[in-house]
Amino acid sequence: MTHNTPLSPRPLRHLSDVHRRVLTAAQLRAHGVGTAEVTEQCRPDGPWRELLPNVILLHPGPPTGEERLHGALLYAARAAEPGVPAQPTAESPHRPVYAEAVITGLAALTLHGFSSTPPLPALDHVDVLVPRPRRLRSAGYVRVLRTSALPAAHVVTGLPVAPVTRALADAVAELTDAEAVRRLLTESVRGGHCEPAAVVRELTQAKLLSRPHVVDAVDALLAEGRSIAEDRLYRMVREFGLPDPAWNVDLRLPGGPHLGGLDAYWPEQAVAVELDTRAPRQGHRQDDDALWSEYARKREHLERLGITVVHITPRKLRESLEQQAAVVRTALMASGDRDPAAYVVVLPR
C-alpha cells in the first residue's frame, strides 16, 4: 500500500458503466489505486490508457463517444473539494458530477438530436464551456471555451449540455463552410428546437453577424422560419375548425392608399392575423425600430377602421396552437358586437 492509498478505499460498484470506464487520477486514488499503479497500467502495452491529462480510460481499446464526452467533462470540471466525492455515491446519487463544465458546439447539437452534425465518435474535438476565471488549457480532443456566464445546462443522457441556441453559436463561430452553417441553422428551426428570433439573438450576442456566410445563412433561416409559421397557421385554422380566411392578402381603401399586407383575413368579421417573424439583427437597430414602428402604425390604422388585428408570433404557434386558435375564434365571435368596419378592398399579395 502506497502513501497515496486511502485507508478505506471506496468500491466501484456504485458507479455507472461509463463512470467505471473513465476516471480521473484523483478518483482512482480515492478508490485505492496509487500513482505508481496508474503509471504501470498505462504503459504502451498495458490495459489502460491516458485519455486526457489526469483522465484515465480503463480499457485498452478506443473510447466510445460517450466515454469521450465523459472524459472531456472530467478534464474540464472543477476539482471537488478535499474529502468530497467527485462521483455520485449510493448515499448521494444526485450529487452533481461535473462542476463548472458544460458541453457545447457540435457535440451538444448531436446530443440534442441534430442529424446534420457528425456522430459523437467521429467528432474531431469536443467543446466545453468553463467560467472565464478558470485557468484551464485545451488538451487532446477537448477545446476549452471560456465564458463570462455559464448557460443553464440541459441534462441530456445525464450530461450537462448547452441550450441549442448557445451550442449553435459556439459551433458556427468555428465553421467557415457556408453550407454547413446553413444546414445547422435550418435544422434548428425545421426540427422544432428553437425559433429563428432566438437563434439570431444568440448569434448577435456572439458578434457573428459580421460574417457574410453567417448573414446568408440567417436570411435562409428567417425564410424557413416564416414558411414553418405559415404552415402552422394553416394547420391551426384546419384542425380547430375556424372558417377559411383569405390568405396572404393586401388591403386598400377604395381608391385610396395601401393599408398593408396580412397573413389571414376574414372579411365578413373584419378580423386579421399577422405573423410577427421579425428577428433582431446586429448593426440594424434602426431598421428593427423602423420595422416595429411600421407594424404598430399598420395595426393602429386598421383598428381605427374597425378591423381587429390578432398578432401572433411563431413561438406561440409552436407552443400553444390551441390557445391561439381560441384567441382568433373569440375575435371572430365578437365581431357581431362591434360597429361595422369600414369597407376595404382585399387583393392577393
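# Helix packing and local features in a predicted model

Buried residues account for 46% of the chain's 349 residues; buried means under 20% relative accessible area, exposed over 50%, and partly exposed in between (1.4 Å probe, protein chains only). This is a predicted model, in which local features need pLDDT of at least 70, side-chain atom pairs count only at pLDDT 80 or more, and totals for chains, interfaces and linings use all residues.

Q: How many helices and strands does the secondary structure of the chain come to?
A: Let's start with the rule: helices (H or I, at least four residues) and strands (E, at least two) are DSSP runs, numbered from the N terminus. Counted this way, the chain has twelve helices and 13 strands.

Q: Among contacts between residues at least 6 apart in sequence, what percentage join residues at least 24 apart?
A: A contact here means heavy atoms within 4.5 Å. Of the contacts in the chain between residues at least 6 apart in sequence, those joining residues at least 24 apart make up 60%.

Q: Are α6 and α7 roughly parallel or antiparallel to each other?
A: Axes are lines fitted to C-alpha atoms, for helices over the stretch in contact, and angles run from 0 to 180 degrees between N-to-C directions. Angles under 35 degrees count as roughly parallel, over 145 as roughly antiparallel, 65 to 115 as roughly perpendicular and the rest as oblique. Helix α6 (residues 164-172) packs on helix α7 (residues 178-190) at about 175°, with the axes 11 Å apart. The two helices are therefore roughly antiparallel.

Q: How do the residues of the contact of α6 with α7 divide into nonpolar, polar and charged?
A: From α6 come Leu168, Ala171 and Val172, and from α7 come Val181, Leu184, Leu185 and Ser188. For the classes, Ala, Val, Leu, Ile, Met, Phe, Trp, Tyr, Cys and Pro count as nonpolar, Asp, Glu, Lys and Arg as charged, and the others, Gly among them, as polar. The division is six nonpolar, one polar and no charged.

Q: In which kind of crossing does α8 pass α9, left-handed or right-handed?
A: Helix α8 (residues 196-205) and helix α9 (residues 212-239) have axes 9 Å apart and pack at an angle of about 160°. That makes α8 roughly antiparallel to α9. A crossing is left-handed if the near helix is turned anticlockwise from the far one by less than a right angle, and right-handed if clockwise. For α8 passing α9, the crossing is left-handed.

Q: How many nonpolar, polar and charged residues has the contact of α7 with α9?
A: The axes of α7 and α9 cross at roughly 25° and come within 9 Å. That makes α7 roughly parallel to α9, and the crossing is right-handed. Residues in the contact include Arg182 and Arg190 in α7, and Asp216 and Glu224 in α9. By class, there are nine nonpolar, four polar and four charged residues.

Q: Which residues does Glu224 touch, not counting those up to four places away in sequence?
A: Glu224 sits in helix α9. With a relative accessible area of 17%, Glu224 is buried. Leaving out residues up to four places away in sequence, Glu224 touches Thr186 and Arg190.

Q: Is the ring pair of Tyr234 and Trp247 stacked or edge-to-face?
A: Rings of Phe, Tyr and Trp (its six-membered ring) pair if their centres lie within 6.5 Å; planes under 30 degrees apart count as stacked, over 60 as edge-to-face and the rest as tilted. By this rule there is one aromatic pair. Tyr234 and Trp247 have ring centres 4.4 Å apart and planes at 90°, so the pair is edge-to-face.

Q: How many residues apart in sequence are the parts that Tyr234 and Trp247 tie together?
A: Tyr234 is partly exposed at 28% relative accessibility, and Trp247 is partly exposed with a relative accessible area of 28%. Since Tyr234 lies in helix α9 and Trp247 in strand β9 (residues 246-252), the pair ties together parts whose separation in sequence, in residues, is 13.

Note on methods: Residues are numbered from 1 along each chain as its sequence is written. Side-chain values use heavy atoms; hydrogens and water are left out.
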